[in-house]
Each structure stands twice: as C-alpha cells, then as structure tokens.
Amino acid sequence: MACVQLQAAVTELGEWFRKWRIEVNPEKSAAMFFSPGTLRSPKRACLRLKTISLYEQQIPWEKYTKYLGVTLDRNLRFNEHITIIRNRARFVMGRLAPMIDKRSKMSLRHKLTLYKTCIRPIMTYASVVFGHAKPALLDKLQIVQNKFMRRAVGAPLYMRNVDLHRDLELPSIKNYITSLSRQIPKALAERYAAQAAGGTGASTSAAPMMFMNEFLAQSPPPQPPSPETIAPVAAVLPPLHAPIMPSLPPPPRPFHDVPMSFMFDPTRPPPPITQSSTVNRNLKRTAEYSEAGPSKAQIREDSKVDHCENCVQRKIRIELYRDQHEKLQREYEYYTLAVEFKSKLYESVKDALKAVMSPEMMFVIESCLEESLCTT
C-alpha cells in the first residue's frame, strides 16, 4: 500500500516537473526505506518492496544515499557519514602537516586559524542533522581534534586533552555542534519577527506556512517564445563587459623564418692555399692570413684583392651572428613582457581572493607564501 502511494506521488511530482520545465535525471535518483528498527534481512525487505519508476525508468532501492553532502542510511544513525567525514578531515590534516607540526615556524594562533577554516568545517558541515548521533560516533571526530592539538603544541603524553582545550580556548566537537544547533532557532525567530514587524500581518507561528502558500499559489511559467522572436532580441543585447586584462605579446619568430641574403655553408671547401705556403710547411703564414691586422702585419699590395673568399665567409659569419643576437634580443623582450603580464595577473587574482576570502584566511595564506619564499 505504501509503495502504491509513493508511486502515485512520484508520478504527480514528475508531471509537476514537466509543467514547470525542470529537468530531472532518474538515473541519479534513489529510493530508501527508513525504519527505526533493524531488519533481519534488509536485502529481502528491499526485494519485497515494489519498484518505483520515474519517466518510465526504475529507481533502485539503496542502503546508503548521499544528499547535499550528507550520507543518509536506513536507520538515520549516520555511521557511514561520520566515517567519511573523519577520513576526509584526516586526509586534509595530513596535507597540512608541515604547517601544523610542532617543528613548523608558524605561530600557534595561525595554526588554530588554519584548523578552524580548513579542518573543522569538514567535520561540522550539516552537524545539525547528525548531531543526535550516539557519543561513540562523535568521539571519532573528537579524536581528530585531539590529534591536531597535540601535534600543533607538541604536547607530551602526560598532558590531558581537557587542559589543551582550556589553554587553546577550543571547544570540544560536541559542544561546538550544540552551539551551532542553538543558533538556528534564534536566527529563524529573528527573521520571522522582522518580517512580522515589516507590515506583513502574519504571526510568528504562521510565518513558515506563509512562504509555502505563496509558492503553491504561483501560476506556471509562460510558454517559451518561438525562435523567430528570440533572434532579434539576442541581437540587441549589449556585449558582456569582460575584465580588461593585459594582452600577451606574440612570440618571437623562429630563427629559420628570418630572411637572410645568404647562409654559411659548412660543406663548402676552404679557400685554396697559396703557392708560397706549399713550398715550405715550416714557414709562417703570410701577411694576408694573419689575424694581427694591418697595425702588426705588413699587407702586401698584391694581396689587396676585392671580394676574396675569406672576406665573403667573414661577412656571412658576421651577418649570422647579428641575426642570432637580434633573435636573443626579441626573446628577452618577449619574456620581459610575459613576466609583467603574469605579475599583473597575480595582482588581479590576489585582489579577487581578498574580496572573497576572510582577512584571517588571507593573512594565513600570505604568511605561508612568505615562509615558502624565504626557505627557497
């Protein structure tokens, strides 16, 4: 009987989704049978239940399912969820071990800030839902916090955890979850009181139902317009204003694309040896092959020949070296502009992080970056 009513409700819900044009993926849906007691054979109980279908696709019966980051089990004891978040918190604490360890140069105040912003939110996310779990399960989360305190302070074995909580002014996991649970009714009461004082005329007890009645009384959305009416409207829309970022200069041209009048050919044979050097190999080189220049070597007038082979090869080498120097100069300019671009990008990202993150978390990140730069 319950499965028949559930199937009728799912069918009506699917029609409501289609009416309001909400896409739902039945493959990502799951059905669960919540029961306060324990069944002797949960698999057989699920087999006895009729299958639920949405959009002509069957929804399987699951033992565990995840909804908004919280793993729900059949008895709502949250054994699996607490095990998952404990392992996740231990993994994050292991990643932050170089900064949390007692040998770290980070101050104790920064270590506590790092724990409160990175580790404890993992364990206390949606804690109002599983805060009623038995103390043995919550003790698993308390063990993670105790290990952090001992690792951060470097406490010896004889120091008690109660003393560490008192000295660090850090509440236990159970007390912290209790304080979070007490804040929700207070915040809702203040919100309803503010709305009642604003002239709505609704009492505090009827405030939660007021939003539900307004939501159910809404009319369905209009039909989508035809493509002919969408096209001219889309053409009139102004362009989006993208953030102005400095443009990166084009990369330098490769060396083989540089136009050159002629290249040096290493396979070309060297210039012919003069007849005077072939007579006696022990003689020194003549003046035209001397590298000392005209100030130290007397150049004969008969050796002053225009466009000799040595001069051509020398000119080729000079132009080759000049092109290589220009290439290095272009690369130097390109990398200079690239460094300027990355520095501007870093500043823009830093400003964006300052606008999103809290000042304490930003201070911790900057201090960590400074310490890493000093160590390198």
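E366 is partly exposed, at 26% relative accessibility. In this predicted model, the side chain of E366 meets that of K350 in a salt bridge, 3.9 Å from N to O. E366 belongs to helix α14 and K350 to helix α13 (residues 309–356), so the pair ties together parts that are 16 residues apart in sequence. The count of salt bridges comes to five, and a search of the whole structure finds five aromatic pairs.

**Around K350 and helix α14**

- K350 is partly exposed, with 22% relative accessibility.
- M362 is found in helix α14, which covers residues 359–375.
- M362 counts as buried because its relative accessible area of 8% falls under the 20% limit.
- Not counting residues up to four places away in sequence, M362 touches K350, L353 and K354.
- K350 and M362 are 12 residues apart in sequence. Their C-alpha atoms are 9.3 Å apart in space.

- Side chains of opposite charge can pair when their charged atoms come close.
- D163 bridges to R160, with the closest N and O atoms 3.3 Å apart.
- D163 also forms a salt bridge with R166, where the closest N and O atoms are 3.0 Å apart.
- R166 and D163 are three residues apart in helix α8, so about one helical turn separates them.
- D163 is buried, with a relative accessible area of 18%. R160 is exposed at 53%, and R166 is exposed at 52%.
- Shared partners join R160, D163, R166 and D167 into one salt-bridge network.

**Burial of helix α8**

- Helix α8 spans residues 161–168, and D163, L164, H165 and L168 are buried there.
- The cover over the buried residues of α8 includes α5 and α7.
- Just after α8, E169 takes a positive phi of about 55°.

**Aromatic contacts of helices α5 and α7**

- Y115 and F148 form a stacked aromatic pair, with 4.3 Å from centre to centre and 10° between the planes.
- Y115 lies in helix α5 (residues 108–124) and F148 in helix α7 (residues 135–153), so the pair ties together parts that are 33 residues apart in sequence.
- Y115 is buried at 0% relative accessibility. F148 is buried at 1%.
- The charged end of R120 sits over the ring of Y176, 3.9 Å from the ring centre.

- D101 is found in the loop between α4 (97–100) and α5.
- D101 is buried, with a relative accessible area of 18%.
- Leaving aside neighbours within four places in sequence, D101 is in contact with K111 and R151.

**Tryptophans and the surface patch**

- W16, F17 and W20 form one aromatic cluster.
- The ring centres of W16 and W20 are 5.9 Å apart and their planes meet at 40°, so this pair is tilted.
- W16 is placed in helix α1, residues 2–19.
- W16 is partly exposed at 32% relative accessible area, and W20 is partly exposed at 23%.
- L13, W16 and I22 form a nonpolar patch on the surface. Together they have about 240 Å² of accessible area.

Methods. Residues are numbered from 1 along each chain as its sequence is written. This is a predicted model: local features need pLDDT of at least 70, side-chain atom pairs count only at pLDDT 80 or more; totals for chains, interfaces and linings use all residues. Side-chain values use heavy atoms; hydrogens and water are left out. Rings of Phe, Tyr and Trp (its six-membered ring) pair if their centres lie within 6.5 Å; planes under 30 degrees apart count as stacked, over 60 as edge-to-face and the rest as tilted. Buried means under 20% relative accessible area, exposed over 50%, partly exposed in between (1.4 Å probe, protein chains only). Helices (H or I, at least four residues) and strands (E, at least two) are DSSP runs, numbered from the N terminus. A charge sits over a ring if NZ of Lys or CZ of Arg is within 6 Å of the ring centre and within 35 degrees of the ring normal. Contact means heavy atoms within 4.5 Å. Patches are made of residues with over 30% relative accessible area and no salt bridge: like charges are joined within 9 Å, nonpolar side chains (Val, Leu, Ile, Met, Phe, Trp, Tyr) within 5 Å. Accessible areas come from the Shrake-Rupley method with a 1.4 Å probe; for residues, only the protein chains shown count as cover. A salt bridge is a side-chain nitrogen of Lys or Arg within 4 Å of a carboxyl oxygen of Asp or Glu.
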